[in-house]
Amino acid sequence: MRFIDLFAGLGGFHIALERLGHECVFASEKKEYLAKLYEENFNIGVNRDITKVDIPNIPEFDILCAGFPCQPFSKAGDQMGLDDEKNGNLFDKLVEIIDYHKPEYFILENVRNLKSHDDFNTWKYIKDKLENKLGYIIDDKILSPHNYGIPQHRERIFIIGSRTNLQHFNWPEPSESTDSILNFLDVNPSDATKLEDEKISVIKLWQEFIDKIPLEDSLPGFPIWSMEFGATYPFEYEIPFRTSSIALGKSKGKFGVPLKGMTREEKFNNLPNYAKKNQLHKKTGKPIPFPNWKKHYIRSNRAFYEKYKAELHPIVKKINELGVSSWQKFEWNVQGGERDLSKYIIQFRGSGVRVKKTDFFPSLVTVSTQIPIISWEYRYITPTEGARIQSLNGIKLPENLGSCFGALGNAVNAHVVELIARELIVAEDIHIDIVPNNNINKEEIISI
């Protein structure tokens, strides 16, 4: 069959469908460096602006594939959804293309948050367009590569549609086992980017920190926010922004700094960044209190420090001197594991220094500063390893490291798409309604 690949990126959809014998007849990708790479990798010209394409000029096709931009719906973005001026209306462009060409199938991919975005109103809009305006039978499911043998947690929503029916379709069954992460890694690859000395020092400092907690006690399951150690600023009933300067002056800011005698501006400069916000309700205009999860983290961190103050005080002084606030946070996602940071995968994230087990890769994201770190070799994973994780083996990748991992973070996992397409796409002129009368099973139809 013939397919088109929209918002093509590195070409995960292309790889998956080409493996199944289908032919790409049109591709579109806005970013210049990705469009050039796509042309090199797949030997096909690439449209640069799908919003300006003359829809009748798109070649006839049977399958539409699109990982339409996820930023409007991602929790990591502004979540403007369909109102996003830059990318929100691109779904409607997909609708126009499907409406005109009426392909037999489509496969769409986006972030997990798409379905619950805007209290499910975004999903209602999308579902209504696909089912009622276009007349397609659709189904959706959240899948991750780790469900299918690839050691990466990366949940994405897949939406499939058929112009006739989906009676033949079943979502691919999960694998019984997951491959070892070591099979996706090289040993001390020569092209690996070494971890910066400054970050190595941060890891060693947090190692010193966890070594001080008695072995008979568990390490916290909540994120460690060290700036709460010694802090007493009020937060339970009103946000600090709404607290009087006198009341703030009676308390202590981050790392226990007394706020007495400071100007109001100085007091706020000595609060953690997450405590400075003055969030107002859109309708009432009243200040929004801290959410319960944030209150829980603040309470838990203050109590944790009070319990281990004697052991931790000298190390906390060093943490206070770190130049980046996110380095002052620590997430131990290895409950029950050996307390040796050199045995895990580490990420420097905005939420803190995150430690993960080696049974799964963390989800590759578009932020180049969050490239997973192989701690036992003090290096970042390489682009080649990242491509393996995304089932994009063998293609040419962007030379710039940040651009490369940005593209890998946006890419669709080709293996997951291949499994879905194998179940969805049957031979061009054969419809499943003949199966009950002819006792032909699905595997026989696919092989015809």
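This is a predicted model: local features need pLDDT of at least 70, side-chain atom pairs count only at pLDDT 80 or more; totals for chains, interfaces and linings use all residues.
Residues are numbered from 1 along each chain as its sequence is written, and side-chain values use heavy atoms, with hydrogens and water left out. Helices (H or I, at least four residues) and strands (E, at least two) are DSSP runs numbered from the N terminus.

**Helix packing**

- Two packed helices are described by the angle between their axes and the distance between the axes; here axes are lines fitted to C-alpha atoms, for helices over the stretch in contact, and angles run from 0 to 180 degrees between N-to-C directions.
- Helix α5 (residues 197–211) and helix α8 (residues 292–320) have axes that come within 10 Å and cross at roughly 155°, and α5 and α8 are therefore roughly antiparallel to each other (angles over 145 degrees count as roughly antiparallel, under 35 as roughly parallel, 65 to 115 as roughly perpendicular and the rest as oblique).
- The crossing of α5 with α8 is right-handed, a term for the near helix being turned clockwise from the far one by less than a right angle.
- Leu 205, Trp 206, Glu 208 and Phe 209 of α5 meet Phe 304, Leu 312, Ile 315, Lys 318 and Ile 319 of α8, where contact means heavy atoms within 4.5 Å.
- The contact of α5 with α8 has 7 nonpolar, no polar and 2 charged residues, with Ala, Val, Leu, Ile, Met, Phe, Trp, Tyr, Cys and Pro counted as nonpolar, Asp, Glu, Lys and Arg as charged, and the others, Gly among them, as polar.
- Helix α1 (residues 12–19) packs on helix α11 (residues 414–424) at an angle of about 45°, with axes 8 Å apart, and α1 and α11 are therefore oblique to each other.
- On the α1 side the contact is made by Gly 12, Phe 13, Ile 15, Ala 16, Leu 17 and Arg 19, and on the α11 side by Ala 414, His 415, Val 417, Glu 418 and Ala 421; by class, the contact of α1 with α11 has 7 nonpolar, 2 polar and 2 charged residues.
- Helix α3 (residues 90–101) and helix α4 (residues 121–133) pack at about 10°, with their axes 11 Å apart, which makes α3 roughly parallel to α4.
- In α3, Phe 91, Asp 92, Val 95 and Asp 99 meet Tyr 125, Ile 126, Lys 129, Leu 130 and Lys 133 in α4, and the contact of α3 with α4 has 5 nonpolar, no polar and 4 charged residues.

**Cavities and a pocket**

- On a 1 Å grid over the protein atoms alone, a cavity is a set of points where a 1.4 Å probe fits but cannot get out, a pocket is an open set with protein on both sides within 12 Å along at least five of seven lines, and lining residues have an atom within 4 Å of a point.
- The count comes to 3 cavities of 30 Å³ or more, and the largest cavity has a volume of about 50 Å³, where grid points are joined across faces, edges and corners and a volume is the space filled by probe spheres set on the points.
- The lining of the largest cavity divides into 5 nonpolar, 2 polar and 3 charged residues, among them Glu 109, Arg 154, Phe 158 and Asn 413.
- The second largest pocket holds about 370 Å³ of space, and of its 16 lining residues, Trp 225, Tyr 274, Lys 277, Trp 293 and Lys 294 lie nearest its centre.
- The largest share of the lining of the second largest pocket, 3 residues, comes from α8.
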